[in-house]
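Here is a short briefing for a reader who is new to this structure. Start with the model below, then work through the points by topic.

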Amino acid sequence: MLRSTAEPQEAATGEAERRPRGAIAVAAILSTLVALVLVDVVADPPPTLVPYSTALVVAAALGLLALTPLLHTAAAWCAGRLDRMPRPARWTLAAAALLVLTLVPAVIGLAVRVPPGWDAGAVLDTATAFARGTHYDFAEQYFAWYPNNLFLALALGCYFKLVGAFGVTDTLAAAIWLHALFMAVSSLLAVRLARRVAGQAAGVGTLLVTVPFVALGPWSGVPYSDTLSMPFPIAILLLADVARTAPRGRSVLLWAAVGVLTAVGAQIKPTVVFALAAAGLTTMLASRGAREWVRTAVAALVALAFAGAAFFGSSAAVRGAHVVQFNLDTNTQAVPFTHFLKMGATGRGGFNADDIRNTLSTPPADRFANGLNGYLDRVEAMGPTGYPGFLLDKLGWSLGDGSFYAWAEGVTRENHSFPAHDPLSEQIRRFYTFDGDGAPFLRSAWQAAWFAVLAVLALSALIRGPGRDAWAGTAGRLAFLALLVFLALFENRARYIYLYVPVVAVLVSAAVADGHAALARWRARRRPDPDAAGSAAVS
């Protein structure tokens, strides 16, 4: 058995391998929820823009699961080669991987890029106007309703100004390159975290998840918060894991970085905050004795202090940049969170035009109560038995979608004149447009691979090892579980899960590594002991 499949390569101390209190319970809850969703989706597939054959997809998923030992063996072989490489060669390989993982989604995104017409379009058009010193009129109305997207518009606007200084005028293409880089960084951070949890082979194994769903994934052509926020949850978990066992001075700096990353990431996608909450809670659960509790308290204070400072600093920057003309401090038009709670209690929890019209036609002072009362009325109508089934169906529609709602958002479903006409782009569009002749194959491939991922995640609570019991395994599960609970209650979309794909990749790859190690231990116990056999023969 390869060493890298059995134990963490970078565990600094015995403390790093200590199981947090409640780790098994957290794993059991998440695995049970994922198993229920998986069974629900297979038994009653929700509607999808590009249909797939459930029987064929399930068969393909089972085939992938059967290949898991072989795939892990291949990952372990690659890990062994990496271990024997000198450090400069490994850094060179990492740089090459970053380049390839950036180029692939960038090329796909440039081939299928069209101006998005939903929220992504409002943010991109506002950022472009800001960079060019002009004004986008719709921004005044849109950001009065959804001011949470202003930070992303400002950040992209500053980026467009920077690349514009070098003669770049196609802001959509520039944004695609940026989010391709962000997704590539996310994949490499997943490699690093999985390596800390369950060894080098687990790190390499994350690429079996991130390559099909991130590098070759469905959202390469739409640079928006779902992709631009992707590095933050995985980076928060990685830095927090390192900070726990680092020397005191370095630990403080790392927790400060965790706080800043949380503040920045949460202003791009609020669900990033679940990673910090999970990291803090898991650190508390892993603490033993007064000294560790003090260290945990200091870490929490540092992270929260820097998160608060970064949040208020960036908020001040948004106000000072005047991306919009209205006064943010006196804006009363913002849609309250209870609207999304109400909208999450009908249909499958997705966007509902009637609900948003109702909210916007309600006087601002009454919108909070309107959303809350609407939610309570809908839950009461479903009853105590109907509401849990409704929540399961909601999660089946989002968590069970291996395309992450690709092609189904706003005007991306409409035909457009694509700007890229080279032969490679034409071939890419055969698969990466919803009406392309290769779209059913790609959709089915994503779905089969995602079913396999969910199956491993559902079984992972049964597999003893670092992937289940280590700090990062518990923190990753808590963060992902918080996201699923959020989606069950509020507005629901499969693409809202997309930023946590690298975290899922770590959990799944570590579970496979643990399973491989457990199987090797079982085989070793069954293998006859040559020394014992020889002694028996002599006697």
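Helices, of at least four residues, and strands, of at least two, are DSSP runs numbered from the N terminus. By that definition, the protein chain has 24 helices and zero strands. The model is predicted.

**Overall shape**
- The radius of gyration of the protein chain is 24 Å, close to the 24 Å that the globule rule gives for 539 residues, so the chain is as compact as a globular protein of that length.
- The C-alpha trace spans about 95 × 60 × 60 Å along its principal axes.

**Helix H1 against helix H20**
- H1 covers residues 23–43 and H20 covers residues 439–459.
- Their axes come within 8 Å and cross at roughly 145°.
- The crossing of H1 past H20 is left-handed.
- On the H1 side, the contact uses Leu30, Ser31, Val34, Ala35, Leu38, Val41 and Val42.
- On the H20 side, Phe451, Leu454, Ala455, Leu457 and Ala458 meet them.
- Eleven of the residues in this contact are nonpolar, one is polar and none is charged.

**Helix H8 against helix H23**
- The axes of H8 and H23 (residues 501–526) come within 9 Å and cross at roughly 35°.
- H8 passes H23 in a right-handed crossing.
- H8 brings Ser186, Ala190, Leu193, Ala194, Val197 and Ala198 to the contact.
- H23 brings Pro502, Val506, Ala510, Ala513 and Asp514.
- The contact of H8 with H23 holds nine nonpolar residues, one polar and one charged.

**The second largest pocket**
- The second largest pocket has a volume of about 810 Å³.
- It is lined by 19 residues, and the closest to its centre are Arg90, Ala94, Val191, Arg192 and Arg195.
- Which elements give two or more residues to the lining of the second largest pocket? They are H3 (68–84), H4 (87–112), H8 (171–198) and H9 (200–205).
- H4 gives the most to this lining, with six residues.
- The lining divides into eleven nonpolar residues, one polar and seven charged.

Note on methods:
Residues numbered from 1 in each chain as written. Predicted model: local features only at pLDDT ≥ 70, side-chain atom pairs only at ≥ 80, totals over all residues. Heavy atoms only, no water. 1 Å grid on protein atoms, 1.4 Å probe; cavity = no way out; pocket = protein on both sides within 12 Å on 5 of 7 lines; lining within 4 Å. Points joined across faces, edges and corners; volume = space filled by probe spheres on them. Nonpolar A, V, L, I, M, F, W, Y, C, P; charged D, E, K, R; others polar. Axes fitted to C-alpha atoms, helices over the stretch in contact; angles between N-to-C directions. Left-handed = near helix turned anticlockwise from the far one by under 90°. Contact = heavy atoms within 4.5 Å. Rg over C-alpha atoms; globule rule 2.2 N^0.38 Å.
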